[in-house]
Amino acid sequence: MTIKPCERHRQLTVGEVAARSGVAVSTLHFYESKGLIQSERNRGNQRRYSREVLRRVAIIKVAQRTGIPLSSISEALSTLPQGRAPTPADWRRLSAGWKADLDDRINKLIGLRDQLNSCIGCGCLSMQDCPLRNPWDELSEQGPGPHLLDPVQSTD
C-alpha cells in the first residue's frame, strides 16, 4: 500500500491505529496511560496519533511476546526520541539490552524442566534427594521457596 504524500503527515485515529497494529483500542489507551505511546487531542477532544506510533506498538507487541515486562519496555522506549519512528538501529539496541534477561530466564526454565521430577530445593518434595541437596534443611533459614532453582529471589 503506497501512502500518498498528502496522507503521510495526516495523524491517525485510535481506530485506525488499532486496525493497523492489530491491538484493541482499550490496549492503546492502556499503553498511553503507561506512557508507552503518546497522542494529541484534536479540537473535538479526540485522540490523534502520529504514524510513528505504529512502529512503537509493534516493538511493544514483540517485546511482550518474548516476556519482557512492560516496565522494562517503558524504560527502553523512554530512550528513543519522540516524533520519529524507531529505526532498525534503535531496535538492535533495545533488543540487545533485553537479550541477557531473556537468556537468564531461558536458563532458569531449562533448569526447572530438567529438575521437574526431582527436588527443586524447597526441602519437602523428596526425602531421598533432599538430604544430598539440602542437608538438615539448611535452606529453610533463607525462607520459603525454591532456593536452589532461583538463588536470586526477592524477599518481599
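Among contacts (heavy atoms within 4.5 Å) between residues at least 6 apart in the sequence of the chain, 52% join residues at least 24 apart. The structure is a predicted model, in which local features need pLDDT of at least 70 and side-chain atom pairs count only at pLDDT 80 or more, whereas totals for chains, interfaces and linings use all residues. Residues are numbered from 1 along each chain as its sequence is written, and side-chain values use heavy atoms, with hydrogens and water left out.

The chain contains 6 helices and 3 strands, assigned as DSSP runs (helices H or I, at least four residues; strands E, at least two) and numbered from the N terminus. Their order along the sequence is β-α-α-β-β-α-α-α-α. Of the 156 residues, 27% are buried (under 20% relative accessible area, 1.4 Å probe, protein chains only).

Helix α1 (residues 14–21) packs against helix α3 (residues 52–65) at an angle of about 50°, and their axes, lines fitted to C-alpha atoms over the stretch in contact, lie 10 Å apart. The contact involves V17, R20 and S21 of α1 together with V53, L54, V57 and K61 of α3.

S39 is located in the loop between α2 (25–33) and β2 (40–41). The side chains of S39 and E32 are joined by a polar contact of 2.5 Å. With neighbours within four places in sequence left aside, the residues in contact with S39 are E32, R47, R48 and Y49.

Terms used. A polar contact is a pair of N or O atoms within 3.5 Å; within protein, one must be able to donate a hydrogen and the other to accept it, and residues adjacent in sequence count only if both atoms are side-chain atoms. Buried means under 20% relative accessible area, exposed over 50%, partly exposed in between (1.4 Å probe, protein chains only). Axes are lines fitted to C-alpha atoms, for helices over the stretch in contact, and angles run from 0 to 180 degrees between N-to-C directions.
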